[in-house]
Amino acid sequence: MVSNPLPSLSRRLAQQRWVMRAGPVVLPLERLIRRVSGGRMGVLDLAGLPSVEVTVPGRKTGIPRTTSLLYVPHGDDFLILGSNWGRQKHPVWSTNMRATGGATVRHRGERFPVSVTEITGVDRKRAWDLALEFWPGYAMEHELSGRRRFRIFQLRRLP
């Protein structure tokens with residue numbers, strides 16, 4: 001059986017600074033692929049990487065907002081990081097997520113509710129190390145962001 005070379009290639013590319021400038025191209029492409037596939041896949045899926053669509057209500061408007069994100073597998077849970085492509089500001093979805101204790105996830109075409117826990121303290125260090133091992137590009141994004149402390153959330157499927 002031949003393994004998919006795309007995840008390792010993607011991990012190498014994600015450590016290149018120029019890739020962070022691709023966001024304005026990748027994001028509309030992500031939406032197009034999600035729409036055409038009925039939400040079953042996006043750019044990350046095509047690259048052989050794990051992704052989820054996370055829907056969180058806006059903290060001020062209450063309007064649900066959906067974002068596609070890379071996730072770090074953590075048992076049956078999902079770890080997501082607010083790297084925001086290495087920008088200096090936290091992503092809006094992470095601020096909204098802090099304001100609510102739950103979200104909805106679409107994973108592999110299935111939609112389900114999740115509990116949201118922001119990981120802090122000693123657990124955050126372990127989660128950060130796990131994230132760096134899984135996606136080394138986070139180190140470069142951290143540097144580009146001015147060493148902003150990325151928010152890390154654990155999403156756990158609700159019964």
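Me: Where is the confidence lowest and where is it highest in the chain?

Reply: Where pLDDT is low, the predicted coordinates should not be read in detail. Here the chain averages a pLDDT of 88. Of the residues, 92% score at least 70. Helix α1 (residues 6-13) is lowest, at a mean of 72. Strand β4 (residues 77-81) is highest, at 98.

Me: Which phi value does asparagine 84 have, and where does the residue lie?

Reply: Most residues other than glycine have a negative phi. Asparagine 84 has a positive one, near 55°. The residue sits in the loop between β4 and α4 (92-98).

Me: Is asparagine 84 buried or exposed?

Reply: The cut-off for buried is under 20% relative accessible area. Asparagine 84 has 18% relative accessibility, so it counts as buried.

Me: What about phi and accessibility at arginine 108?

Reply: Phi of arginine 108 is near 55°, again a positive value in a residue other than glycine. Its loop runs between β5 (102-107) and β6 (110-118). Arginine 108 is exposed, at a relative accessible area of 70%.

Me: How do helices α5 and α6 pack?

Reply: Start with the angle; 65 to 115 degrees counts as roughly perpendicular. Helix α5 (residues 121-134) meets helix α6 (residues 137-144) at about 115°, with axes 6 Å apart. Therefore α5 is roughly perpendicular to α6.

Me: Which residues make the contact?

Reply: From α5, Trp128, Ala131 and Leu132. From α6, Tyr138, Ala139 and His142. Five residues of this contact are nonpolar, one is polar and none is charged.

Methods:
Residues are numbered from 1 along each chain as its sequence is written. This is a predicted model: local features need pLDDT of at least 70, side-chain atom pairs count only at pLDDT 80 or more; totals for chains, interfaces and linings use all residues. Side-chain values use heavy atoms; hydrogens and water are left out. Axes are lines fitted to C-alpha atoms, for helices over the stretch in contact, and angles run from 0 to 180 degrees between N-to-C directions. Helices (H or I, at least four residues) and strands (E, at least two) are DSSP runs, numbered from the N terminus. Angles under 35 degrees count as roughly parallel, over 145 as roughly antiparallel, 65 to 115 as roughly perpendicular and the rest as oblique. Contact means heavy atoms within 4.5 Å. Ala, Val, Leu, Ile, Met, Phe, Trp, Tyr, Cys and Pro count as nonpolar, Asp, Glu, Lys and Arg as charged, and the others, Gly among them, as polar. pLDDT is the predictor's confidence in each residue, from 0 to 100. Buried means under 20% relative accessible area, exposed over 50%, partly exposed in between (1.4 Å probe, protein chains only).
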